[in-house]
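Let's take a walk through this structure together, one contact at a time. Have the viewer ready and follow along.

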Amino acid sequence: MVSVTESADAGVAKLSELIGPGPARAFRDECDPYERRLREAVVDFGYGQVWNSDRLEPRARMLLTVGVLAATGRTAELRTHLTVALDAGLSPDELAETFLHISLYAGFPAALDGTRELRRLLERRRGE
């Protein structure tokens, strides 16, 4: 069994790989008291255990995450994970195909929202 400390350290390490060490530590630790336990759970369990599992390749995990976030309308988190996916080397075409695929199960509005967020992100990156 993984200790709480090991899980926390592993979570911060995995999140650091995805978004950088400063933002990862800040996400977990720099928050109001009422949200501390939730953020700790996201990092410690979500990234420390789930994202660190070797049962799925990171690429598959990223595509699944993007698809689920788009399908459930979690636009703010989708923006973050689209950035992570592009930074990790997934192509805009792969992400667009993910949105096309979720249209079968979550509907066209969810898929269109996902492609809009991808387009906005790519436009911002071109403007930088």
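This is a predicted model: local features need pLDDT of at least 70, side-chain atom pairs count only at pLDDT 80 or more; totals for chains, interfaces and linings use all residues.

In which helix does Thr-65 lie? Thr-65 belongs to helix α4. With a relative accessible area of 18%, Thr-65 is buried, because the cut-off for that label is under 20%. Leaving aside residues up to four places away in sequence, Thr-65 touches Trp-51 and His-81.

Two packed helices are described by the angle between their axes and the distance between the axes. For α4 (residues 58-71) and α6 (residues 92-106), the angle is about 50 degrees and the axes are 9 Å apart. That angle makes α4 oblique to α6, and the crossing of the two helices is right-handed. On the α4 side, the contact involves Arg-59, Leu-63, Val-66, Gly-67, Ala-70 and Ala-71, which meet Glu-94, Leu-95, Thr-98, Phe-99, Ile-102 and Ala-106 in α6. Sorted by class, the residues of this contact of α4 with α6 are eight nonpolar, two polar and two charged.

Helix α6 also packs against α5. Here the angle is about 140 degrees, and the axes are 10 Å apart. Since over 145 degrees would be needed to count as roughly antiparallel, α5 and α6 are oblique to each other. Their crossing is right-handed. Leu-78, Leu-82, Ala-85 and Leu-86 are the α5 residues of the contact, and they meet Pro-92, Leu-95 and Phe-99 of α6. What is the make-up of the contact of α5 with α6 by class? It has seven nonpolar residues, no polar ones and no charged ones.

Between these two helices there is a loop to look at. Leu-90 is found in the loop between α5 (75-87) and α6. Is Leu-90 buried or exposed? Its relative accessible area is 3%, so Leu-90 counts as buried. Not counting residues up to four places away in sequence, Leu-90 touches Arg-59, Met-62, Leu-63, Ala-85 and Leu-95. For a sense of distance, take Ser-53: Leu-90 and Ser-53 are 37 residues apart in sequence, and their C-alpha atoms are 20 Å apart in space.

Ala-26, Phe-27, Arg-28 and Asp-29 in α2 meet Arg-36, Arg-39, Glu-40, Val-42, Val-43 and Asp-44 in α3. By class, the contact of α2 with α3 has four nonpolar, no polar and six charged residues.

Methods. Residues are numbered from 1 along each chain as its sequence is written. Side-chain values use heavy atoms; hydrogens and water are left out. Axes are lines fitted to C-alpha atoms, for helices over the stretch in contact, and angles run from 0 to 180 degrees between N-to-C directions. Helices (H or I, at least four residues) and strands (E, at least two) are DSSP runs, numbered from the N terminus. Angles under 35 degrees count as roughly parallel, over 145 as roughly antiparallel, 65 to 115 as roughly perpendicular and the rest as oblique. A crossing is left-handed if the near helix is turned anticlockwise from the far one by less than a right angle, and right-handed if clockwise. Contact means heavy atoms within 4.5 Å. Ala, Val, Leu, Ile, Met, Phe, Trp, Tyr, Cys and Pro count as nonpolar, Asp, Glu, Lys and Arg as charged, and the others, Gly among them, as polar. Buried means under 20% relative accessible area, exposed over 50%, partly exposed in between (1.4 Å probe, protein chains only).
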